[in-house]
Amino acid sequence: MAKTLMQFRQVSLKFDTQEILTGFDLDIKDGEFFTLLGPSGCGKTTVLRLIAGFEQPDEGQILLDGHNIAEQLAEHRPINTVFQSYALFPHLSVFDNVAFGLKMSRTPSTEIKPRVMEALEMVRLAEFADRKPAQLSGGQKQRVAIARAVVNRPRLLLLDESLSALDYKLRQQMQIELKHLQRQLGITFVYVTHDQEEALSMSDRILVMNHGQAQQVGAPRDIYESPANEFVARFIGEINIFDARIEQVVSIDEQQGRYLAYFDQGNMTREIVSETRFEAGDKVKVMLRPEDLRIEFLEDAPEKPGFIGEVQERNYKGKTLDSQIKLKDGQLILASEFFNENEPDFDYKLNQKVWIDWVHGWEHVIKADLL
Amino acid sequence: MIAISNLMGPSKEGKGSARWAKAGQWLFLGAIFFYLYAPIAVLVVNSFNQSKYGHNWKGFTWKWYEKLLNNQNLMDAFWHSIAIGLLAATFATLLGTLMAYALYRYNFTLKRVTSGMLFVVMMSPDIVLAITFLVIFMALGIHLGFWSLLIAHITFCLPFVVITVYARLNDFDGNLIEAARDLGASEARTFFTVVMPMSMPAIVSGWLLSFTLSLDDVIVSSFVTGPSYEILPIRVFSMVRVGVSPEVNALATGLLILSVVLVVVAQLILRKGKSQ
C-alpha cells in the first residue's frame, strides 16, 4: 500500500456566512490518480484551491508528507495546477510559459532549456516553442498548460475540470494521454470533474462529494457497483432503485448474506444477496443498473409475479438499446440491452407490455435509512 | 474610418443617380474635412507667411520660428509645460497603475467609494476642480508655483490612467495571477513579470493621455500656478489677448506636429497590444 501524500484533517472553510466545508477529511496516496467528483457547488473546487494554497482553511490541518502546510503560500508549495481556462500567459511564448516556474525557482539557465524542451516533447509540442498562446488550438493550449505544470516536477498535480472546454473526441484522447502521462511521471494527480464517465475511466480512486460532504471514497468499480447511498448511486450513471423489506435471513457466511426480500412493487418475494448484514424487518433499497435488467415480452406468457410495465420510450444508442419502462405504479425505470447478433431487428413497440427481471446476484442493496 | 467607408459604400440606385449620389457623398465629406482642418491649415500656412497679419500671402519665411526660439519667456513657458507634463504623466501613471491593480486584485472596505471618487474627479467641471485646488492650497499655505501645479496635474490625470489600466486588467483571464503564484512567483514578481508586461499597452496610453491633458490644461493651471512658474497654455492665452502674433502660429504648428507624433505612437502601441 502506497504511503499517504496529502491529508485533510477536520478542515473547515466559510465564505462570509456560508459553510463550504465542515470538518472535512481527505487522504490522497502517493502516486495515485485521485478524482474529486460532484455536482457544481459541491465544494470540490474549494478542496482543490485549498490544496493549491489559493484558500486558507478557517480550521483544521492540511498535511503534505505529514507537515502542516495550511498556512503556506501557494508559491512555496511543491504543487502545480492546470487551470480550467489554461491561464497561459498571453505575452509569453510557449517556451517562456513552460519555463516560467523554473525561472521563478531560480533553476540554473543551462538546465532550463533541456527541461522545457523535454516537457514540450512529452506533450508533442516541441515545434511550437516559439509560438504565442493565441496561435494555438484549444487542445494545444491544454497540453502547454500541462507541460508548464509538470516541468516543475511537483509532488502533486492539480487539474481543475481541465478537459471540459474540449470537444468530445479531443476529450477522450486527452483522457488517455493524461492517464498515460500520470503513469509515466509517477506524479500524484488530483483531478476535479463533474463528469462521472471521465472520473470512472481515469481514476485510481474517486471521492464523490455533495454539499461539502464526502459521500464515498473508493475505486471506480466500487463506486459504480456498490454505491454507499442513493446520491452516489444516482450521480454515477443511471440506476433503478426499488424499495423492499427483508422477510427472512436465509444464510450468512463470511462474505455475504442471502435474504428473502419482499418488494412492494410487483407484490413479490425474491432472494437477494448482499455483503451488508441485515435482519428480518429491515427496510432496504435494491439498486439495479440499467444493464442488469432483463426484459421479456408478456404476450406469450401469463402474468407472473415481478415488475410489469409498459415501454414508454426507446433510444437507439448504437451499442445498446435503452428503454424507458413505466411500471404499474408509475415508477419509471431504465433498461439498457446490448444488441443480440442473432436478432438484428430486435426492437420494442411503444406501450408494449413487458416483464422485467434482473441477473440475480448483480443487485446492490443498502439500508433504507442511509439515504 | 468606418464612417468614411460607409459613406463611400456602393449604392444600389441606377447608374446616373448613383453618380450623383457619389458626388454628393464626396462633397459632404469634403465639407466636413474643410470645416475640421481649414483653420489648422490656415494657421500652419501663416506660420510661414511674411505678412504679420496673415490676410494675404507675402512670401515664405522662417522668421517667426526664429523669433519664437529667441522669445525667452515663451520658451521658458514651453519647457515648464514639458517638465510638468512629463512629471505629472509619470507620477499619475505610477499611482494610477497601482491603484487600478489594487481595485482589480483586492476586496477592501472602501473599494466602491474609492472607484466612485475617481469618477467624481473625472466628471467634475475643470472650474470646480480649479477652485477646489486653490482653496486647499491657500488653506495649507502652499505657495502657488511648481509644486501646486504638479500636484493638481497629477490629480486630474490620475482617474484616466486608472480607468485605462483597469479596463485592460479586467480583460485578463482571472486565473493568470493565481497561475503565476502557483508556479512560484511571489506577489511582487507576479506584478513585475505578469501583470505589468500584460498591461503595458494600457500603461503607455494612460501616460500619453496624461501628458496631453497636462500639456493643454488652461483652467486648472491658471488657478494653481503663480508668476514664478508660468506654463505654455497660460502664456499663449495672455499673448493672444492682445492679438495673435505669428510666433503663436509657429508655436501651434510645433505643438501640432508633437501631438500627431504622440497619436501615431499611441495607435501603434495599442495595435500591438491588441495583437497579443
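Author: Welcome! This is a predicted model, and a search of the whole structure turns up 23 salt bridges over all chains.

Reader: What makes Glu32(A) and Arg205(A) a salt bridge?

Author: The closest N and O atoms of Glu32(A) and Arg205(A) are 2.9 Å apart. The cut-off is 4 Å between a side-chain nitrogen of Lys or Arg and a carboxyl oxygen of Asp or Glu, so the pair qualifies.

Reader: Why can one say that this pair ties together parts of chain A?

Author: Glu32(A) sits in the loop between strand 2 (18-29) and strand 3 (33-37), while Arg205(A) belongs to strand 9 (residues 205-210), so the bridge links parts that are 173 residues apart in sequence.

Reader: How do you know that chain A and chain B are in contact?

Author: Contact needs heavy atoms within 4.5 Å, and 23 residues of chain A meet 19 residues of chain B in this way. The two chains bury about 1900 Å² between them, with 58% of it on carbon and sulfur atoms. On the chain A side, Glu75(A), His91(A) and Met104(A) lose the most area to chain B, together 34% of what that side buries.

Reader: What makes Glu75(A) and Arg181(B) a salt bridge?

Author: Their closest N and O atoms are 2.7 Å apart, and the limit is 4 Å, so this pair passes too. The rule finds two salt bridges across the interface of chain A and chain B. It also finds nine residue pairs in polar contact there, both residues being at pLDDT 80 or more.

Reader: Which elements of chain A supply at least two residues each to the side that touches chain B?

Author: Those are helix 1 (44-52), strand 6 (79-82) and helix 2 (94-104). Helix 2 of chain A has the largest share, four residues. By class, the residues of this side are twelve nonpolar, six polar and five charged.

Reader: Now the pockets: what lines the largest pocket?

Author: The largest pocket holds about 740 Å³ of space. It has 17 lining residues, of which Glu197(A), Tyr224(A), Glu291(A), Asp322(A) and Ser336(A) are the closest to its centre. Helix 6 (196-202), helix 7 (220-225), strand 17 (320-327) and strand 18 (332-338) of chain A each give two or more residues to this lining. The lining divides into six nonpolar, five polar and six charged residues.

How values were computed. Residues numbered from 1 in each chain as written. Chains lettered and ligands numbered in written order. Predicted model: local features only at pLDDT ≥ 70, side-chain atom pairs only at ≥ 80, totals over all residues. Heavy atoms only, no water. Buried area = accessible area lost by both parts, 1.4 Å probe. Polar contact = N/O pair within 3.5 Å; in protein donor to acceptor, adjacent residues only side chain to side chain. Nonpolar A, V, L, I, M, F, W, Y, C, P; charged D, E, K, R; others polar. 1 Å grid on protein atoms, 1.4 Å probe; cavity = no way out; pocket = protein on both sides within 12 Å on 5 of 7 lines; lining within 4 Å. Points joined across faces, edges and corners; volume = space filled by probe spheres on them.
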